[in-house]
Amino acid sequence: MPRQEPDSGEGHASAPALTRTWTPPGPLDLRLVLSPLRRGPADPAYRALPDGTFWRATRTPAGPGTLRVSAAPGGRIAGAAWGPGAQWLLDRLPALLGADDTPDDFRPRHRLIALTQHRRPGLRLLRTGLVMESLIPSILEQKVTTDEAYRAWRLLLRTYGTPAPGPCDVTFGTYGLYVMPDARTWSLIPSWEWHRAGVDGKRSATILRAVRVARRMEEAAAMELPEATARLRLIPGIGPWTAAETLQRSNGAADAVTVGDLHLPGIVGHALAGNRNADDEEMLELLAPYEGQRHRATRLIMLSGHTPARRAPRMTPRDIARL
């Protein structure tokens, strides 16, 4: 059971942390497991420290919460949490770190994937149990550069989010952690603030449609992949790419292959067939032997480092805030 622990920040007046430890069933690489939650190097809701400690601020069904995760002696994982959502976060710490994942079910059919799996035994697929916190940044990433999307996420969270509970100001100073806005706050962001953040009308409209039915969206976290995908795609503007990127994180969906990505088909095609010009159809054919685990296969391919050399200029960012 979680227990209370005084804050480590000297002179900080926040409530004591709730803590728990958990022993994973096998090797666990915290960086590999948690990195999909990071939306850029300055993500206001996520921080990875040089000492191997990871911080995450999120909005749970019980309210805002901050989670600190680190490795502990004996192969255990130590978690500490603050805020109204602290208990919720600690109760779901094992699931977040892949306790529900089944990597032993994966059977590599390509030497590259087999070697990468052998070299990365600590890879597990996380499951946050929270849809909106992954859906909104995924919508922001539609058809723009990652830098544009990360900038939008950063500006919107720091402007409309809530300072994360716990000793974040002591730990991080001026650039502390922020919990993303609730559904009502998202819906009240004026059009010029979306514009200032570089978010065009199509993406902001999709987010507004989603937050109006946020509870229905969150229900997808407890659904099987086909039903969860169908639930998300009821919202105009949410296609297969956005649904897959969301459910990989919220549901730990091992088969949620990202279709419609600008780079992924070429990476998979290059790695498995020597064809950097592969399209979605060929990518799905190459991944067919991994049915049920196709997302894991693509994660391993990306981790292999066997990606085609860049041969074209990067996509030019659009600064719509200047228009």
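Trainee: In which helix does Tyr 150 lie?

Mentor: This is a predicted model, and in it Tyr 150 belongs to helix H6, which covers residues 146-160.

Trainee: Which residues is Tyr 150 in contact with, leaving aside its neighbours within four places in sequence?

Mentor: Tyr 150 touches Arg 39, Gly 40, Pro 41 and Glu 141. For Tyr 150 and Thr 128 they are 22 residues and 20 Å, the latter taken from C-alpha to C-alpha.

Trainee: Is Thr 258 buried or exposed, and why?

Mentor: Look at the relative accessible area. Buried means under 20%. Thr 258 has 5%, so Thr 258 counts as buried.

Trainee: With which side chains does the side chain of Thr 258 make a polar contact?

Mentor: One is the side chain of Glu 245, at 2.9 Å. Another is the side chain of Gln 248, at 2.8 Å. Beyond its neighbours within four places in sequence, the contacts of Thr 258 include Trp 241, Ala 244, Leu 264 and Met 283.

Trainee: Next, the nonpolar cores. How many residues has the largest nonpolar core?

Mentor: It has 34 residues. Among those with the most contacts inside it are Met 132, Leu 135, Trp 186 and Trp 194. The elements giving two or more residues to this core are helix H5 (132-140), H6, helix H10 (201-212), helix H11 (214-218), helix H12 (225-232) and H13. H5 supplies the largest share, five residues.

Trainee: Take Trp 194. Which residues is Trp 194 in contact with, again leaving aside neighbours within four places in sequence?

Mentor: Its partners are Leu 156, Trp 186, Ile 189, Val 199, Ser 204, Ile 207 and Leu 208. There is also a second, separate core of 22 residues; Leu 28, Val 33, Ala 86 and Leu 93 are among its members.

Trainee: How is a pair of packed helices described?

Mentor: Two values are used: the angle between the axes and the distance between them. For H12 and H13 the angle is about 125° and the axes are 10 Å apart.

Key
Residues numbered from 1 in each chain as written. Predicted model: local features only at pLDDT ≥ 70, side-chain atom pairs only at ≥ 80, totals over all residues. Heavy atoms only, no water. Helix = DSSP H or I, 4+ residues; strand = E, 2+ residues; numbered from the N terminus. Contact = heavy atoms within 4.5 Å. Buried < 20%, exposed > 50% of the residue type's maximum accessible area, 1.4 Å probe, protein only. Polar contact = N/O pair within 3.5 Å; in protein donor to acceptor, adjacent residues only side chain to side chain. Core = buried A, V, L, I, M, F, W, Y, C linked by side-chain atoms within 4.5 Å. Axes fitted to C-alpha atoms, helices over the stretch in contact; angles between N-to-C directions.
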